[in-house]
Amino acid sequence: MSVNSEWRLAAYKELVSYLNPFFSIYLGDYCRNCRQVIGRLPEAVEESIDLLEGVYPGCCHRGAGDIFRLEGEKPERAYLAPEIVIGLQSERQQKLLPLSGAGGGSYSFRRHRDGALVKGAHCCYFAEQGCLLGDLKGPLCIDFICPPMRSDLLVVCAGDDCLVGPEHDFLFIYRSLAIISYDDRDEVERDLELFRRRLQALKERCRAFLAERQSQSLYSLFSD
Ligand code: SF4
Ligand code: SF4
């Protein structure tokens with residue numbers, strides 16, 4: 001990676017580092033209870049399963065951490081910039097070296113509707129303690145929120161979907177990643193600041209919503 005473009009990787013990691021604490025404080029327990037969460041989907045009865053082996057990975061299935069597409073962006077901006085991808089891959093290798101063998105694994109389940117035995121593999125960065133990547137996660141990992149999660153956040157924000165963003169583009173993150181990938185440094189800094197403010201506004205809504213209801217967890221409030 002050229003020295004001139006290292007700031008793009010730094011900006012990418014900065015955006016992920018803003019999000020990680022938000023996910024762990026407000027959304028982490030959704031993902032730790034993924035099967036209960038997806039049980040709220042209309043298709044849940046038809047898609048119900050018995051887990052036979054391993055840990056159910058939720059969204060963290062094989063390959064998910066290595067998808068660098070920016071869905072919905074113009075064709076020439078539809079992937080994270082190559083220099084960011086190269087930088088991410090190189091830093092991931094260094095980070096994971098001492099943890100070799102900690103991530104990945106497999107699982108299997110029996111699907112009720114047809115009795116099929118389904119086998120699957122975890123993302124290679126998925127471990128017992130959660131994602132191993134920290135601020136080196138891929139775009140899909142920070143961008144997707146499932147429908148129950150999104151509908152709860154919309155309740156928290158009184159339906160403000162301009163703040164929450166669409167299900168497949170939480171907080172309009174793809175747009176920010178396209179700016180980080182392809183625009184000049186001033187524009188990237190402006191967008192990072194806007195993103196930080198948007199996230200701060202969402203955090204504030206979550207904090208106030210929980211405080212009013214004297215609860216610690218959106219997941220618990222909405223799953224009762
Ligand atoms: S985002 Fe939703 S579907 Fe994905 S792991 Fe979390 S709870 Fe499960
Ligand atoms: S990189 Fe991390 S968050 Fe993304 S799919 Fe893999 S384990 Fe999940």
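Two strands count as paired if DSSP finds at least two bridges between them, and strands here are DSSP runs of E, at least two residues, just as helices are runs of H or I, at least four, all numbered from the N terminus. Okay, a word on the model: it's predicted, so local features need pLDDT of at least 70 and side-chain atom pairs pLDDT 80 or more, while totals for chains, interfaces and linings use all residues. Residues are numbered from 1 along each chain as written, and chains are lettered from A and ligands numbered from 1 in the order written.

So, the sheet. Strand β2, residues 106–111, is joined to β3 by 5 bridges, running antiparallel. One of the partners: Tyr 107 bridges to Gly 120 in β3. The sheet is open, 3 strands, order β1-β2-β3, with β1 (49–53) and β3 (117–121) at the edges.

Now the core, meaning buried Ala, Val, Leu, Ile, Met, Phe, Trp, Tyr and Cys residues joined through C-beta atoms within 7 Å. Buried is 20 or more other C-beta atoms within 10 Å of a residue's own, exposed is 12 or fewer, partly exposed is in between, with C-beta atoms placed from the backbone. The largest core has 43 residues, and among those touching the most other members are Tyr 12, Met 149 and Ile 173. Helix α1 gives the largest share, 9 residues.

Last, ligand 2. Its surroundings include Cys 60, Cys 123, Cys 131 and Cys 141, where near means a backbone-placed C-beta within 6 Å.
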